[in-house]
Amino acid sequence: MASNESSKPKRRRKSSMDKPPHLSGDAEFRVLLFGRSGRSQFSLANSILRTDVFNDELCNITESQRHRSEAFERKLAVVNTPNLSEYEASQKELRRVFKMSVCMSCPGPYVVLFAFDLNNISPSAVSILELITKHFGDSILNHMMVVVCHEEEKEDSALEKKVKTNRDFRELIEKCGQRYHLFNERKARSDEKVSRQLLEKMDDMVRDNGCRFYSNHQYQEAEESIQKEERFMMKGRKKEMLTKRKELESRYTGEGLEKEMLQFETRIRVENREKAERKISEVLGFTLTAVDYAAAVGKGAALGALCGAVMGFEGMAVGAAVGAVVGGVIGGAASAAWGYVTNAAAQMNRR
């Protein structure tokens with residue numbers, strides 16, 4: 001089960017001989033990659049996936065992209081976001097980037113990487129991290145690791161001394177539980193061990209989090225909406241599925257038929273999932289923070305209660321309930337506001 005835990009996990013003894021963490025009920029090791037430098041992010045993604053999904057000449061992307069592969073004894077999915085430094089001035093565009101990254105990494109990432117160049121550690125890196133936590137919540141930091149990308153010839157010990165003198169770097173790793181990794185892009189291109197060392201650190205963090213992925217109300221709402229859209233799409237493709245089965249039955253029998261049909265159904269499910277993710281990312285109304293939800297719902301409830309006062313106590317109760325929903329709609333997040341309220345109520349019940 002996913003968990004949005006806030007307490008710090010217990011540390012465990014590190015072992016390079018550990019197998020990949022067992023992801024119960026989940027076949028894909030999802031990684032969400034944020035950063036300030038497109039090229040370093042792309043190099044990092046290529047190294048994790050062990051395939052060149054991004055070419056060396058690419059400097060930036062305009063929207064989040066997800067790539068999959070099988071490497072390091074697991075199925076991998078890496079969601080690469082655009083260079084966040086280019087979106088600092090535009091909250092609207094930043095929200096769009098975050099919404100897409102949420103939908104692509106649903107039901108939640110096991111690992112969140114914050115990458116930047118060795119020679120580009122500045123106060124703006126801290127401000128970007130603050131933007132991430134503002135939208136995702138502070139508990140995402142329990143699943144986050146800072147990755148410093150470089151192509152230096154120096155030993156990591158010498159580079160560590162260098163970066164630790166940087167106040168901004170110290171602030172970043174303080175927020176991320178002192179988790180960081182120096183990643184040599186040049187060596188990683190020819191030596192798989194460089195990438196494996198990073199994966200081992202990621203695995204340790206995943207185990208420390210109980211092999212649970214990160215989740216919050218945004219992820220939960222997005223996943224529910226995506227699954228609902230997938231079911232709707234699958235119903236709309238029933239005729240296509242039947243037609244394809246008849247076609248395959250004329251060419252295959254027995255195990256051959258079932259194998260071909262399974263491959264076709266898998267392709268359909270993947271197509272539906274990707275279409276549903278894109279659609280939900282465009283329409284999902286969680287563009288406000290939790291404080292904004294509370295404000296919108298609260299103002300609507302107060303106004304509804306005031307209007308219902310003319311009907312007496314019962315009218316106030318009904319007016320407040322209706323007003324809360326209207327407040328959420330006005331805030332541009334009806335379903336998200338409702339999700340926020342129900343999540344808060346559930347937490348109160350557990351106390």
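In which loop does arginine 50 lie? Select arginine 50: its place is the loop between α1 (38-49) and β2. Helices (H or I, at least four residues) and strands (E, at least two) are DSSP runs, numbered from the N terminus. The model is predicted, so local features need pLDDT of at least 70 and side-chain atom pairs count only at pLDDT 80 or more, while totals for chains, interfaces and linings use all residues. Residues are numbered from 1 along each chain as its sequence is written, and side-chain values use heavy atoms, with hydrogens and water left out.

**The whole protein**

Begin with the entire chain in view. The secondary structure comes to 13 helices and six strands. Of the 351 residues, 47% are buried; buried means under 20% relative accessible area, exposed over 50%, and partly exposed in between (1.4 Å probe, protein chains only). Among contacts with a separation of 6 or more, 75% are between residues 24 or more positions apart. Contact here means heavy atoms within 4.5 Å.

**The sheet**

Select the six strands next. They form an open sheet in the order β2-β3-β1-β4-β5-β6, with mixed pairing. β2 and β6 (180-184) stand at the edges with a single partner strand each, so one side of each has no neighbour in the sheet. From one strand to the next, the twist averages 25°. Two strands pair if DSSP finds at least two bridges between them. Strands of a sheet pair through backbone hydrogen bonds, either parallel or antiparallel.

Now centre the view on strand β3 (residues 74-80). Six of its seven residues are buried, so β3 is largely enclosed by the rest of the structure. Strand β1 (residues 28-35) runs parallel to β3 and is joined to it by six bridges; in this pairing, arginine 30 stands opposite alanine 77. Strand β2 (residues 65-71) runs antiparallel to β3, with seven bridges between them. Here serine 69 has leucine 76 as its bridge partner.

**Backbone exceptions**

Follow β2 into the hairpin with β3, where two residues lie between the strands. Phenylalanine 72 takes a positive phi near 55° in this hairpin. Glutamate 73, also in the loop between β2 and β3, has a positive phi of about 60° although it is not a glycine. Glutamate 73 is exposed, with a relative accessible area of 57%.

Return to arginine 50, which is not a glycine but has a positive phi of about 60°. Arginine 50 is partly exposed, at a relative accessible area of 32%. Most residues other than glycine have a negative phi, and most peptide bonds are trans.

Then select cysteine 106 and proline 107. A cis peptide bond joins these residues, with omega about 0°. Proline 107 lies in the loop between α2 (91-104) and β4.

**Two helices, α3 and α5**

Show helix α3 (residues 123-136) together with helix α5 (residues 167-175). Their axes come within 8 Å and cross at roughly 20°. Axes are lines fitted to C-alpha atoms, for helices over the stretch in contact, and angles run from 0 to 180 degrees between N-to-C directions. The two helices are therefore roughly parallel to each other; this term covers angles under 35 degrees. α3 passes α5 in a left-handed crossing, in which the near helix is turned anticlockwise from the far one by less than a right angle.

Display the side chains where the helices meet. Pro123, Ala125, Val126, Leu129 and Glu130 of α3 meet Asp168, Glu171, Leu172 and Lys175 of α5. These residues divide into five nonpolar, no polar and four charged. Ala, Val, Leu, Ile, Met, Phe, Trp, Tyr, Cys and Pro count as nonpolar, Asp, Glu, Lys and Arg as charged, and the others, Gly among them, as polar.

α5 lies across β4 (111-117), β5 (144-150) and β6, running at about 145° to β5.

**Valine 206**

Finish at valine 206 in helix α7 (residues 192-208). At 1% relative accessibility, valine 206 counts as buried. Which residues surround it, leaving aside neighbours within four places in sequence? Valine 206 is in contact with Pro21, Leu23, Phe29, Tyr110, Val111, Cys211 and Arg212. The C-alpha atoms of valine 206 and tyrosine 110 are separated by 6.3 Å, although the two residues are 96 residues apart along the chain.

Note on methods: Angles under 35 degrees count as roughly parallel, over 145 as roughly antiparallel, 65 to 115 as roughly perpendicular and the rest as oblique.
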